[in-house]
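Dear colleague,

Please find below the model that I am handing over to you. My notes on it follow directly after the structure.

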Amino acid sequence: MAVTAERREGGAVRRTSALLFRHPRGKLTLSLGGPLAWFLVIYIGSLAVLFVTAFWYLDVFTSEIVHEFTLKNFQTLWENDVYRAITLRTVGIAAAVTVTDVILSFPLAYYAARLATPRMRNALLIAVVLPLWANYLVRVFAWKIILTPNGFLNWLVELTGAASLQLGRSNWSVWIAFVYLWLPFTLLPIYGALERIPNSYLEASGDMGARGWTTFRNVVFPLILPGIVAGSIFSFSLTLGDYITPELVGNTQFIGNVIFDNVGVAGNIPFAAAYAMVPVAIMAIYLLLAKRAGAFEAL
Amino acid sequence: MESRLARILIKGGTAFTLVFLYVPLGIVLLYAFSESVGQAWPIQGYTTKWFGIAWRSSDVRLALSHSLTVASIATLTALVLGSAAAFSVHRFRFFGRNSVSFLLVLPIALPGIVTAIALNSTINVLGIPFGILTIVIGHATFCIVVVYNNVLARLRRTPTSLVEASMDLGADGWQTFRYVTFPAIRTAIVAGALLAFALSFDEIVVTNFTAGSTLTIPKFIYNNLRLPRNRPVVNVVAIAVLILMLIPVYIAQRLAGGGETAGARTQAEP
């Protein structure tokens, strides 16, 4: 009896398998339908709502959102000096953070990819990724404690000499905290790119008389450029979209802060939505350029 | 190949980066034991009293239970949808396949605040009450990407000849999946799930916009960072979470296998 039941059950499974094998479209619909529906409805749907909201406006007298098409929000963003300064500041810091992260990433990535023993390499990679999983807020807060005027950094600087370094709340502090937060994101793609360079390339370059710097500039750098660009997508995008770090260690506003305040305190969601289009537009351009540089294969 | 100077520079740079990565964590750890609520360095006296205070705090307990609930549901959702998406993109060639794979990484390519305010506007427009459900929706969207990336990376490294051999030997689709494909990707699925859980447990940028007044652990930290007298409790919670998080993340790293840096593509986050 048991055998028959088993066989019958197996038959059903087998029939279904065979049916799906003959109808790959059915199989595809079954497996892709769920995730695609989730993304189209929830994610793309939300982005569409955001896009539409950006063209509505807040009636300042009634504090109600008027569902009428207007370009007023974008006009304000373009013409108002305050918002222009905030946009430029955010993009500038994002660029500075990205460059710093790439420079800080290179030695460790190179060491792990080309000099370390396999055991050491694994240990280093885990060491790079682990801090990502310490709570994000705690990592920012750590820098707040370190950079505070009577904190660790100033104490360290005063130990070495007569000078004192009181960054406290400043754009410098924001820069340092961002560099810290996103370092692993830039490091890993650069590591990946370095690891893929065949040793023979470097040997050939050396055999033909190139010194270390020449090899780096003409062989290593072009080969890891896609990796660098891939990593920079993260550090750039994450800086553009952050509002908590500037709030905790900075004394100026970033795009994210304006958006956050307009959603929360001011209740001007249309304006916040319009401002959110700015990082989207910047990232769209950035991603297009990155795609050209072959960065997507290095992700 | 590298000159001696280059080697010294590389080793020095490596050491600097490691110090840069770990000193801040060490300092937060020390402050969790600091007697005073101030932030002056050096720390004057050490105590463990904040651990007891944190443990007895009803807010911390509430936040913890919310965070665990949200992370569990978001991870389960991501597990099903993320693996399914990875299979589809890997196995089939279909119209719009590139768009689908682009769509699936969008939540980590777009700045976090964009996702956050998009979800916030939609929740407002639809009139859904803010709470656990809305947090889960936001988190699951990221977590799907994490599972998807991990599973897809593994599928790409698994030779298709294994599947073909299984089919040639007479296995049906289900048997091939059960005995060949699944064992090959099992650890990647577990690694993806662990990372998704950790990510959800840690998320604040989007949560701030989708939670309303519901507390999660990161929201508890966020709310209390600004109240100087509660900072020691925040430090303690932070350290506890850090140590708890290390376990799943460490296991995930091992499972994802050596050089495969599972954490890399995950933190869509902030």
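Domain bounds, as used here, come from an automatic or database domain assignment. On that basis, chain A is divided into domain 1 (2-53) and domain 2 (72-298). The centres of domain 1 of chain A and domain 2 of chain A, taken over C-alpha atoms, are separated by 39 Å.

Two remarks on conventions and provenance come next. This is a predicted model, in which local features need pLDDT of at least 70 and side-chain atom pairs count only at pLDDT 80 or more, while totals for chains, interfaces and linings use all residues. Residues are numbered from 1 along each chain as its sequence is written, and chains are lettered from A and ligands numbered from 1 in the order in which they are written.

Chain B overall

Helices (H or I, at least four residues) and strands (E, at least two) are DSSP runs, numbered from the N terminus. In these terms chain B has eleven helices and zero strands, and its pattern along the sequence reads α-α-α-α-α-α-α-α-α-α-α. The C-alpha trace of chain B spans about 70 × 65 × 30 Å along its principal axes.

A residue is called buried if 20 or more other C-beta atoms lie within 10 Å of its own, exposed if 12 or fewer, and partly exposed in between, with C-beta atoms placed from the backbone. Of the 270 residues of chain B, 49% count as buried. Two residues are in contact if their C-beta atoms, placed from the backbone, lie within 7 Å. Among the contacts in chain B between residues at least 6 apart in sequence, 78% join residues at least 24 apart.

The interface between the chains

In the interface, 81 residues of chain B are in contact with 82 residues of chain A. On the side of chain B that touches chain A, at least two residues each are supplied by several helices of chain B, among them helix H1 (4-31), helix H3 (58-91), helix H6 (132-157), helix H8 (173-202) and helix H11 (231-256). H1(B) gives the most to this side, with 15 residues.

For residue classes, Ala, Val, Leu, Ile, Met, Phe, Trp, Tyr, Cys and Pro count as nonpolar, Asp, Glu, Lys and Arg as charged, and the others, Gly among them, as polar. The side of chain B that touches chain A has 55 nonpolar, 20 polar and six charged residues.

Helix packing

Axes are lines fitted to C-alpha atoms, for helices over the stretch in contact, and angles run from 0 to 180 degrees between N-to-C directions. Angles under 35 degrees count as roughly parallel, over 145 as roughly antiparallel, 65 to 115 as roughly perpendicular and the rest as oblique. A crossing is left-handed if the near helix is turned anticlockwise from the far one by less than a right angle, and right-handed if clockwise.

In chain A, helix H8 (residues 171-195) and helix H10 (residues 212-240) pack at an angle of about 160°, with their axes 8 Å apart. H8(A) and H10(A) are therefore roughly antiparallel to each other, and H8(A) passes H10(A) in a right-handed crossing. The residues that make the contact include A:Trp182 and A:Phe185 of H8(A) and A:Ile228 and A:Phe234 of H10(A). By class, this contact has 14 nonpolar, seven polar and no charged residues.

In chain B, H3(B) and H6(B) pack at an angle of about 40°, with their axes 6 Å apart. That angle makes H3(B) oblique to H6(B). The crossing of H3(B) and H6(B) is right-handed, and the residues of their contact divide into 21 nonpolar, eight polar and one charged.

Helix H7 (residues 160-168) of chain B packs with H8(B) at an angle of about 145°, the axes being 10 Å apart. The crossing of H7(B) and H8(B) is right-handed. Here B:Leu162, B:Val163, B:Ser166 and B:Met167 in H7(B) meet B:Thr176, B:Val180 and B:Thr181 in H8(B). This contact comprises four nonpolar, three polar and no charged residues.

Two residues of chain B

B:Val233 is found in helix H11 of chain B and is buried, with 23 other C-beta atoms within 10 Å. Leaving aside neighbours within four places in sequence, B:Val233 is in contact with B:Trp50, B:Ile53, B:Ala54, B:Ser57 and B:Asn224.

B:Ser67 lies in helix H3 of chain B and is buried, with 23 other C-beta atoms within 10 Å. Not counting residues up to four places away in sequence, B:Ser67 touches B:Phe201, B:Thr216 and B:Ile217. B:Ser67 and B:Leu104 are 37 residues apart in sequence and 24 Å apart in space, C-alpha to C-alpha.

With kind regards
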